[in-house]
Amino acid sequence: MAAAHTAAPIIVAAEDTAAEGIDLFLPAWYDIIWSSVVMIVIAVVFYKYVLPRFQAVLDERTAKIEGGLAKAEKAQEEAAAALAEYHQQLAEARAEASRTREEARAEGTAIVAELKTKANEEASRIVETAHRQIEAERQSAAVSLRAEVGTLATELASKIVGESLEDSARQSRVVDRFLDELEADQSATTSVKEV
């Protein structure tokens, strides 16, 4: 019994010393073993079932992100190519418009020159026709005037001379001589005025 008495205070002393100091933070050895077993079971289940699913989801997301980036890069390259093509087409359109404008300007200048030439030719033709018409009317008026002057001169000469100038040859000579004298007087008057 004495041994029992001595064992009891050791157990009590052991229980009292277990709760002091750093031992408060350290669990008992059997708790560590059972906790380790449970943790290993959970780790195995996590490693076998949960982690592959997370990995699959992460791989899928990575593939989608990489695919999205590739699509974005491709779209950006296509946009850059389209922009370059647009700028090239715009430059070609501007060059074509400039070329068309220059051709139109050249054609306009040629048309204006051609119309001026035609207008000058038409004006020359009209002036020439008018000169011919004026000359024809002048000659007609001269012939008509000669005939009237001849008739008047014949009548006047007949009255003055007292003989008949019915003979056409004589009448014609008298009229021509009279008109020649008038023209000579008129040209002499014109030349005196010019001097």
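**Reading a helix and its contacts**

Mentor: Glu102 and Arg105 lie three residues apart in helix H2, which spans residues 29-161, so about one helical turn separates them. Keep in mind that this is a predicted model.

Trainee: What do the side chains of Glu102 and Arg105 form?

Mentor: The general idea comes first: side chains of opposite charge can pair when their charged atoms come close. In this case Glu102 and Arg105 form a salt bridge, with 2.7 Å between the closest N and O atoms.

Trainee: How many salt bridges does the structure hold?

Mentor: Seven. One of them joins Arg125 and Glu122, at 2.2 Å from N to O. These two residues are three apart in helix H2, so about one helical turn lies between them. Arg125 is partly exposed at 43% relative accessibility, and Glu122 is partly exposed at 36%.

Trainee: How many residues apart are Glu128 and Arg132?

Mentor: Four, which is about one turn of helix H2, where both lie. Glu128 has a relative accessible area of 47% and is partly exposed.

Trainee: Which feature does UniProt place at residues 69-107?

Mentor: The unreviewed UniProt entry gives "coiled-coil region" for that stretch. Such an annotation may be inferred rather than shown by experiment.

Trainee: How many aromatic pairs does a search of the whole structure find?

Mentor: Two. Trp29 and Tyr30 make an edge-to-face pair, with ring centres 6.0 Å apart and 80° between the planes. The edge-to-face label follows because planes over 60 degrees apart are classed that way. Trp29 is exposed, at 63% relative accessibility, while Tyr30 is partly exposed, at 45%.

Trainee: What is the angle between the planes of Phe46 and Phe54?

Mentor: It is 50°, and the pair is tilted, with 6.5 Å from centre to centre. Phe46 is partly exposed, with a relative accessible area of 39%. Phe54 is partly exposed as well, at 48%.

Key: Residues are numbered from 1 along each chain as its sequence is written. This is a predicted model: local features need pLDDT of at least 70, side-chain atom pairs count only at pLDDT 80 or more; totals for chains, interfaces and linings use all residues. Side-chain values use heavy atoms; hydrogens and water are left out. Rings of Phe, Tyr and Trp (its six-membered ring) pair if their centres lie within 6.5 Å; planes under 30 degrees apart count as stacked, over 60 as edge-to-face and the rest as tilted. Buried means under 20% relative accessible area, exposed over 50%, partly exposed in between (1.4 Å probe, protein chains only). A salt bridge is a side-chain nitrogen of Lys or Arg within 4 Å of a carboxyl oxygen of Asp or Glu.
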